[in-house]
Amino acid sequence: MEKLEALKENHDCIVEVRGHGLMVGVELNYECGDLVAKAQEKGVLINVANGTVMRFVPPLIITREELDKVVEVIDEILP
């Protein structure tokens, strides 16, 4: 979550990063449904909750490298 929090410095659209364990939500200040396809094109599966929250629920066996890749993709697809 620290790396997602760090993205707030580069992306004003991030309102809040919250989560528990590996289930994490990133609230944006706009509807983010179109980001699902953009992330999928880059090999990352996300979904949208409540229209403005990107939700990540990775498998328990995810590696640190894979988590870093998710953060990298999020950084790329956010305006």
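Two strands pair if DSSP finds at least two bridges between them, and helices (H or I, at least four residues) and strands (E, at least two) are DSSP runs, numbered from the N terminus. With that in hand, here are the views. This is a predicted model, in which local features need pLDDT of at least 70, side-chain atom pairs count only at pLDDT 80 or more, and totals for chains, interfaces and linings use all residues. Residues are numbered from 1 along each chain as its sequence is written, and side-chain values use heavy atoms, with hydrogens and water left out.

**View 1. Strand E2 pairs with E4 and with E1.**
Four bridges join E2 to E4, and the two run antiparallel. Here Val 26 faces Met 54 of E4 as its opposite residue. E1 and E2 are also antiparallel, joined by six bridges. Look for Ile 14, whose bridge partner in E2 is Leu 28, and for His 20, which stands opposite Met 23 in E2.

**View 2. The hairpin of E1 and E2 and its Gly 21.**
Two residues lie between the strands of this hairpin. Gly 21 takes a positive phi there, near 65°.

**View 3. The largest nonpolar core.**
A nonpolar core is a set of buried Ala, Val, Leu, Ile, Met, Phe, Trp, Tyr and Cys residues joined through side-chain atoms within 4.5 Å. Buried means under 20% relative accessible area, exposed over 50%, and partly exposed in between (1.4 Å probe, protein chains only). The largest such core holds 21 residues, and Leu 28, Met 54 and Phe 56 have the most contacts inside it. At least two core residues come from each of helix H1 (2-7), strand E1 (14-20), strand E2 (23-28), helix H2 (34-41), strand E4 (53-56) and helix H3 (64-77). H3 is the biggest giver, with five residues.

**View 4. The surroundings of Phe 56.**
Contact means heavy atoms within 4.5 Å. Which residues touch Phe 56, once neighbours within four places in sequence are left aside? They are Leu 4, Leu 22, Met 23, Val 24, Val 26, Ile 46, Val 70 and Ile 74.

**View 5. Glu 41 in helix H2.**
Buried or exposed, which is Glu 41? Glu 41, found in helix H2, counts as exposed because its relative accessibility is 69%.

**View 6. Stepping back to the protein chain.**
The protein chain has three helices and four strands, in the order α-β-β-α-β-β-α from the N terminus on. Its C-alpha atoms fill a box of roughly 30 × 25 × 20 Å, taken along the principal axes. Buried residues make up 35% of the 79 residues. Among contacts with a separation of 6 or more, 46% join residues 24 or more positions apart.
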